[in-house]
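Thanks for coming, everyone. Let me put the model on the screen, and then we'll walk through its backbone and its strands.

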Amino acid sequence: MAKSLRLVQFSDPHLFGTADGALRGVATLPALKATMAHAERYFRCPDALLLTGDLVQDDPGGYALLRATFESSKVPVYCLAGNHDVPEKMNATLQGAPFQVGGRFIDAGWLVVMLDTWKAKSTGGRLGKSQLSNLEATLAGHPDLHVLLCLHHHPVAMDSRWLDKVGLDDAAEFLALIARFPQVRGVLWGHVHQSLDRFLNGVRFMASPATCAQFLPRSADFALDWRPPGYRVLELLADGTIATEVVWVENTAP
Ligand SMILES: [Fe+2]
């Protein structure tokens with residue numbers, strides 16, 4: 001049987017520079033470690049880990065804790081920045097294996113691209129013209145690979161008034177671009193601290209929960225959800241389909 005690509009996504013850990021830092025009632029480092037421990041029991045032997053932004057809560061000291069938490073990983077740890085990240089410090093701290101910030105990788109007939117939507121002094125995000133044109137060239141150069149695109153900000157509406165004001169500025173350009181490349185099978189993000197799984201024009205659009213506190217889906221105004229920390233597992237199959245599940249880590253709720 002052809003090999004599949006097995007991924008675990010941990011999003012929005014929001015770490016602080018101290019191990020006891022808490023965000024909205026959740027101590028973020030223990031919550032991240034609880035999700036990692038759960039994934040180790042439940043989804044063994046992934047090929048790579050994906051960290052899709054907000055690795056720290058505006059505190060660059062959190063990167064050292066993140067590094068210490070993942071540096072013994074036997075598989076690559078692919079990272080991208082969210083609005084609460086400090087990209088310069090993130091790049092400086094997460095240097096060398098197992099870490100890779102941004103970029104892309106190819107495995108098992110799949111191309112996975114880590115996009116950067118960080119925008120200075122903004123909760124929302126943007127890809128920008130040069131990254132969109134690089135993505136276009138990458139997709140044009142790999143017509144025979146299935147593609148998963150990862151980013152921090154949501155490129156489709158979450159049906160949540162406050163969140164939809166802080167999504168991806170150039171979502172229309174991004175969606176128009178990927179519509180021209182049928183090998184794009186999935187788009188995956190964090191930022192919204194909740195789960196979404198939607199098919200649009202043959203592409204699977206997936207939002208994933210945070211490894212800490214969650215936001216209430218479809219809420220007009222900011223509201224917390226009582227769901228516990230979560231993570232997503234994905235198996236990218238050789239035929240271009242995606243088997244995926246969001247896992248909620250019970251017993252870690254505040
Ligand atoms: Fe976040």
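**Backbone and strands**

Start with Ala108, found in the loop between strand S7 (103–107) and strand S8 (110–114). Helices and strands here are DSSP runs, numbered from the N terminus: H or I with at least four residues for helices, E with at least two for strands.

Before I go on, the ground rules. This is a predicted model, so local features need pLDDT of at least 70, side-chain atom pairs count only at pLDDT 80 or more, and totals for chains, interfaces and linings use all residues. Residues are numbered from 1 along each chain as its sequence is written.

Back to Ala108. Its phi is near 55°, a positive value in a residue other than glycine. The cut-offs: buried is 20 or more other C-beta atoms within 10 Å of the residue's own, exposed is 12 or fewer, partly exposed is in between, with C-beta atoms placed from the backbone.

Next, His191. Phi of His191 is also positive, near 70°, and this residue is not glycine either. His191 sits in the loop between strand S10 (184–189) and strand S11 (196–200). His191 is buried, with 30 other C-beta atoms within 10 Å.

One more backbone point. Ala97 and Pro98 are joined by a cis peptide bond, with omega about 5°. Pro98 lies in the loop between helix H3 (87–93) and strand S6 (99–101).

Now the sheet. Six strands form an open sheet in the order S7-S8-S9-S10-S12-S11, with mixed pairing. Which strands stand at the edges? S7 and S11 do; each has a single partner strand, so one side of each is left without a neighbour in the sheet. On average, neighbouring strands of this sheet are turned by 15° against each other, direction ignored. Axes are lines fitted to C-alpha atoms, for helices over the stretch in contact, and angles run from 0 to 180 degrees between N-to-C directions.

Pairing means DSSP finds at least two bridges between two strands. S8 and strand S9 (residues 146–150) run parallel, joined by five bridges. There, Val113 stands opposite Leu149 in S9.

Last, a hairpin. Strand S15 (residues 230–236) pairs with strand S16 (residues 242–248) in the antiparallel sense, over seven bridges. Val233 stands opposite Glu245 in S16. Five residues lie between the strands of this hairpin, and Gly240 takes a positive phi near 90°.
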